[in-house]
Structure formats: C-alpha cells, structure tokens
Amino acid sequence: MRENFFALEGEKRDRILAAALEVFGASGYRGGTTEEIAAKARISKGLLFHYFENKWGIFSFAYEYALRLLALSWQEAGGGMALAAYVEAQREASAMYPALPLFLLRASRDKEERVQSLRQALGGHARLDSAFSLGMDIDGGLAAGAWLAYGGLVLDGLLFYSLEQGHGGLQSYFSSARGFLDSMQSEHRCPGDFAP
C-alpha cells in the first residue's frame, strides 16, 4: 500500500505526512484519529486508507520517516555527539514539517505497547532512553555521555514546554535551546560536546 503513497505527487504526499505528524504529535497514537488526519490533509478517509492499510500503518510510517529525516538533518548539521548539531537538525527538519519535533517527543513518551516496540526496533531516542546510565567519572563529575543525556532531557523539557504547553512555539524552543547550550558551554559545566 505504501507504494501508492510514494507514487503521489510531492505536495499531496507532504500534506498527508504533515497532517499525520500534527495529529499524532498533538494527541499521541491512541488519541490521534484517521478522520483528523484526512481532514487536515484535505483528502477523504477512504483515500487515506488507499495509501495506508490502517492507523498503525500511518503512525509507523510517520515515525520511521521522522527519524530518518532527523538523522539526515543531523548529519547535514555536522552530526557527532554535539547537542547543538541535534538542535540544528530539529530546526532543519521542522522547517519542512513544523509538527515533527513534538511528534517525536510524544512518541518517545508514548506508553502504547506497539509504539514502544516500534521505538525499540528502530532505535529511536536511544540517546535519551539511556540517560545517566553512563554514571560518574573518576573525579566525581558527570561523564561526557551523561552530560549529553542530561542536555537531551533538558532540551526535550524545553520542547515540551514550548510546544505542548503552548509557550511560544518552535521559535521559542529554538531560542531557549540555544540559550541553554550557550550557558552550559560558557559556564564550563559540560564538555565540548555541547558546542556546535
């Protein structure tokens, strides 16, 4: 069925994907409906099911696509472990799909068993799933990996506050994220991995 989706013209394909990211980003897998996705994409529900067999097919495709797009954007932003590159990747990906950061955040917290299994199978959010499991270094400070995990958790908190709680949207998040990364770097609270 996905072959039908890939055969679509780019604008219509983008509308459907953007609608799925927005609906599932706002309501999660369980709360998002195919009716909402079809309405936001400006297509019929029957046509939506011509492209995807069911709601799970839409969600799993959107999740895999979002992870791949973020990974590609991260690579283009310099990759590596730098959280600044991660934020830049989010900025690049959200330029195409504004709902993508919130969709990925909600998917990373979704308790639905199918979503958790998909996340595990695709390795999504592994950076945060192992937060602080790297422990302490010899000097009693946080190891570099734990700093990255901590930074990732703070960034996700800023994203949640800005988008889900309605405090300023994406631009507010990117501004706050840049401020957080700059302060961590300037106060020497963390290793150079926060730097761009």
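**The loop and the helices beside it**

Mentor: Lys111 sits in the loop between H7 and H8. Helices here are DSSP runs of H or I, at least four residues long, numbered from the N terminus. The model is predicted, so local features need pLDDT of at least 70 and side-chain atom pairs count only at pLDDT 80 or more, while totals for chains, interfaces and linings use all residues. Residues are numbered from 1 along each chain as its sequence is written, and side-chain values use heavy atoms, leaving out hydrogens and water.

Lys111 counts as exposed because its relative accessibility is 68%; exposed means over 50%, buried under 20%, and partly exposed in between, with a 1.4 Å probe and protein chains only. Arg30 is 81 residues away from Lys111 along the chain, yet their C-alpha atoms are separated by 9.7 Å.

Now go back into H7. This helix is mostly covered, with eight of its 10 residues buried. Among them are Leu100, Phe103, Leu104 and Ala107.

H7 (residues 100-109) packs on H5 (residues 55-76). The angle is about 115° and the axes are 10 Å apart. Axes are lines fitted to C-alpha atoms, for helices over the stretch in contact, and angles run from 0 to 180 degrees between N-to-C directions. That angle makes H5 roughly perpendicular to H7, a label covering 65 to 115 degrees. Contact means heavy atoms within 4.5 Å. H5 brings Phe59, Ala62, Tyr63, Ala66, Leu67, Leu69 and Leu70; H7 brings Leu100, Phe103, Leu104 and Ala107. By class, that is 11 nonpolar, no polar and no charged residues. Nonpolar covers Ala, Val, Leu, Ile, Met, Phe, Trp, Tyr, Cys and Pro; charged covers Asp, Glu, Lys and Arg; the others, Gly among them, are polar.

Next, H8 (residues 113-122). The axes of H5 and H8 come within 11 Å and cross at roughly 35°. H5 contributes Trp56, Phe59, Ser60, Tyr63, Glu64 and Leu67, against Arg114, Val115, Leu118, Arg119 and Leu122 of H8. This contact divides into seven nonpolar, one polar and three charged residues.

Finally, the core. The largest nonpolar core has 51 residues, and Ile16, Leu21, Phe59 and Phe103 touch the most other members. Such a core is a set of buried Ala, Val, Leu, Ile, Met, Phe, Trp, Tyr and Cys residues joined through side-chain atoms within 4.5 Å. H5 gives the largest share of this core, 10 residues. In soluble globular proteins, nonpolar side chains tend to be buried together.

Note on methods: Helix = DSSP H or I, 4+ residues; strand = E, 2+ residues; numbered from the N terminus. Parallel < 35°, antiparallel > 145°, perpendicular 65-115°, else oblique.
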